[in-house]
Amino acid sequence: MRYTHLLFDLDHTLLDSHESERLAYAHTMAAIGLADPDDHFDRYVTINQAMWVAVEAGDLQPSEVRHRRFERFIAEVGVDADPHAMADAFVFGLGNFGELYEGAHGVLETLAAQHTLAMITNGLSEVQRARIERLGLADYFHTVIISSEVGVTKPRREIFDLAFAGLGNPGIENALMIGDSLTSDIAGGRNAGIDTCWYNPRRLPRSDTDIVTHEVDDLGSLEAIVTGV
């Protein structure tokens, strides 16, 4: 068997995070009574993405993103609202709305029967724990590492070291990191010295500097890769 230990990302890899985010945004804007919230969704996305880039760079903690994205949103849109109340509503929405990609449960069940799985996710503990429980993911994973709980984020090697410790420190030659983000999951896997699999359902191009071991556009292709068949 080619890989015995599989490290999974959650957002945009197993979970349809775009839909989760859109539903959470709608829930939050309804709570503050913002007229025409759809007109401002792209602005929110731009703010949020910039902050998570800062998290990957080590310039911002996930816990700071929780309310700061709404402080900036309020300033740019000009709405009268409490950023902390918005953050509370949004976190509730993220935890309670959104589903796994079609077929993800089946893939995890198949892989977990023959491999040891870990989850490494950059995110807020209260969001990710709520999702894991609601979507019935806990039984698939031997260990779950959430950046806001451990104080370090992908792509840093230290978060992978924590995952390996939770897995009993298997040989890195037997491990594979699976995720959608070249800058977080794939770069992180390289930093940890392990093989990587880029989940790329939109078939996006990558540059010559984006070195991946494997690439798939559907989760169902993973079984052949991890078994080496």
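Biologist: How many positive and negative side chains does the protein have?
Modeller: The predicted model has 17 positive and 36 negative side chains.

Biologist: And how far apart do the centres of the two sets lie?
Modeller: They lie 4 Å apart.

Biologist: Next, the fold. How many helices and strands are there?
Modeller: The secondary structure comes to 10 helices and six strands.

Biologist: What box do the C-alpha atoms fill?
Modeller: Roughly 55 × 35 × 30 Å, taken along the principal axes.

Biologist: What share of the residues is buried?
Modeller: Buried residues make up 49% of the 229. The protein exposes about 10500 Å². Carbon and sulfur atoms supply 47% of that area.

Biologist: What about contacts between residues 24 or more positions apart?
Modeller: Such pairs account for 65% of the contacts with a separation of 6 or more.

Biologist: Let's go to strand 5. Why is it called largely enclosed?
Modeller: Strand 5 covers residues 195-199. Four of its five residues are buried, so the rest of the structure largely encloses it.

Biologist: In which sense does strand 5 pair with strand 4?
Modeller: Parallel, over four bridges. Strand 4 covers residues 175-179.

Biologist: Which residue stands opposite Trp-198?
Modeller: Gly-179 does, with Trp-198 sitting in strand 5.

Biologist: And where do side chains point in a regular strand?
Modeller: They alternate between the two faces of the sheet.

Biologist: Switching to the backbone. Is the peptide bond from Lys-154 to Pro-155 cis or trans?
Modeller: That bond is cis, with omega near 15 degrees. Pro-155 is in the loop between helix 7 (147-150) and helix 8 (157-166).

Biologist: What is phi of His-12?
Modeller: Near 70 degrees, a positive value in a residue other than glycine. His-12 lies in the loop between strand 1 (5-8) and helix 1 (17-32).

Biologist: Why does His-12 count as partly exposed?
Modeller: Its relative accessibility is 25%.

Biologist: Then Asn-169. Is its phi positive or negative?
Modeller: Positive, about 55 degrees, although Asn-169 is not a glycine. Asn-169 is in the loop between helix 8 and strand 4.

Biologist: Is Asn-169 buried or exposed?
Modeller: Asn-169 counts as exposed because its relative accessibility is 56%, and the cut-off for exposed is over 50%.

Methods:
Residues numbered from 1 in each chain as written. Predicted model: local features only at pLDDT ≥ 70, side-chain atom pairs only at ≥ 80, totals over all residues. Heavy atoms only, no water. Helix = DSSP H or I, 4+ residues; strand = E, 2+ residues; numbered from the N terminus. Buried < 20%, exposed > 50% of the residue type's maximum accessible area, 1.4 Å probe, protein only. Contact = heavy atoms within 4.5 Å. Areas by Shrake-Rupley, 256 points an atom, 1.4 Å probe, with all protein chains shown as cover. Lys, Arg positive; Asp, Glu negative; His and termini not counted. Charge placed at Lys NZ, Arg CZ, Asp CG, Glu CD. Pairing = 2+ DSSP bridges.
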